[in-house]
Amino acid sequence: MAPRLTVCDHPLIQDKLACLRDKHTRPDDFRLLLSEVSALMAYEVMRGLRTRKSMVQTPLRSASAQYLAQPIACVAVLRAGLGMLQGVLTVVPKSSIGHIGLYRNEQTLNPIRYYVRLPKDISDCFVVLCDPMLATGGSSIEAIRILKTDGARQIALMTLLCAKAGVCRVEQTYPDVPIYTAAVDAQLNKSGFIVPGLGDAGDRLFAT
Ligand code: PRP
């Protein structure tokens with residue numbers, strides 16, 4: 001079984017995270033960096049994919065081979081998860097795509113659902129749930145609940161940055177869902193922002 005929390009500490013990932021945290025990084029660079037770091041993280045997230053042993057004919061002779069044995073679905077939590085989608089798709093272009101629209105109520109910090117559209121065959125898929133920020137954990141818990149209600153059986157949560165408290169909440173609620181991140185920050189402020197974090201990922205992506 002995959003560990004419940006994996007911090008992806010590869011130097012390329014950490015370098016891009018540093019640039020994403022930088023308040024001087026402009027939206028166009030932020031979009032590119034988030035996409036690039038998502039592609040790099042996707043390798044680690046999909047380590048648990050099942051493969052099927054087979055043979056392949058090379059120009060010289062036959063060789064044993066492994067092919068992916070299950071479909072992949074990438075599900076973005078709107079809005080900020082959209083910034084991860086393209087990067088993941090560069091690694092697995094055949095994956096199907098889903099969208100879960102959630103925003104946090106600014107007072108209660110509870111997630112409000114406004115849109116859900118998921119692939120038909122989600123119960124057969126390895127589902128990569130993409131949201132760059134895991135703060136209180138409320139949005140991730142709601143997104144996982146929506147996926148499971150729709151039949152998803154194998155889910156990996158891919159985030160860029162987490163707050164410690166939010167990770168604990170998600171792990172306690174869904175111990176079967178592994179979490180992948182580039183860093184775990186210690187604090188959440190009163191407004192529910194990860195500190196030091198990188199600000200509001202959605203606003204930085206879309207310059208809102
Ligand atoms: C942010 C972020 C996560 C959520 C994390 O989205 O992208 O989805 O907050 O917070 P939580 O762990 O406390 O639930 P936001 O609600 O700001 O919406 P947006 O992506 O549309 O900006």
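**Helix packing and backbone geometry**

Trainee: Is the crossing of α1 and α2 left-handed or right-handed?

Mentor: In this predicted model, α1 passes α2 in a left-handed crossing. Left-handed means that the near helix is turned anticlockwise from the far one by less than a right angle, and right-handed means clockwise. Helices (H or I, at least four residues) and strands (E, at least two) are DSSP runs, numbered from the N terminus. The model is predicted, so local features need pLDDT of at least 70 and side-chain atom pairs count only at pLDDT 80 or more, while totals for chains, interfaces and linings use all residues. Residues are numbered from 1 along each chain as its sequence is written, and side-chain values use heavy atoms, with hydrogens and water left out.

Trainee: At what angle do α1 and α2 cross?

Mentor: Helix α1 (residues 11-21) and α2 cross at roughly 155°, and their axes, lines fitted to C-alpha atoms over the stretch in contact, come within 10 Å. Angles run from 0 to 180 degrees between N-to-C directions. The angle makes α1 roughly antiparallel to α2 (over 145 degrees; under 35 is roughly parallel, 65 to 115 roughly perpendicular and the rest oblique).

Trainee: Which residues of α1 and α2 meet?

Mentor: Leu12, Ile13, Lys16, Cys19 and Leu20 of α1 have heavy atoms within 4.5 Å of residues in α2, including Phe30, Leu33, Val37 and Met41. Ala, Val, Leu, Ile, Met, Phe, Trp, Tyr, Cys and Pro count as nonpolar, Asp, Glu, Lys and Arg as charged, and the others, Gly among them, as polar.

Trainee: And how do α2 and α3 pack?

Mentor: Helix α2 (residues 27-45) packs on helix α3 (residues 82-91) at about 50°, with the axes 7 Å apart. That angle makes α2 oblique to α3. Here α2 passes α3 in a right-handed crossing. Among the residues that meet are Leu34, Ser38 and Tyr43 in α2, and Gly83, Met84 and Val91 in α3. The contact of α2 with α3 divides into 7 nonpolar, 6 polar and no charged residues.

Trainee: A change of topic: which residues does a cis peptide bond with omega of about 5° join?

Mentor: Val195 and Pro196 are joined by that bond, and Pro196 lies in the loop between β14 (194-195) and α6. The peptide bond from Leu78 to Arg79 is also cis, with omega near -5°. Arg79 sits in the loop between β4 and α3.

Trainee: What phi does Leu109 have?

Mentor: Leu109 has a positive phi of about 65°, although it is not a glycine. Most residues other than glycine have a negative phi. Leu109 is in the loop between β5 and β6 (111-117).
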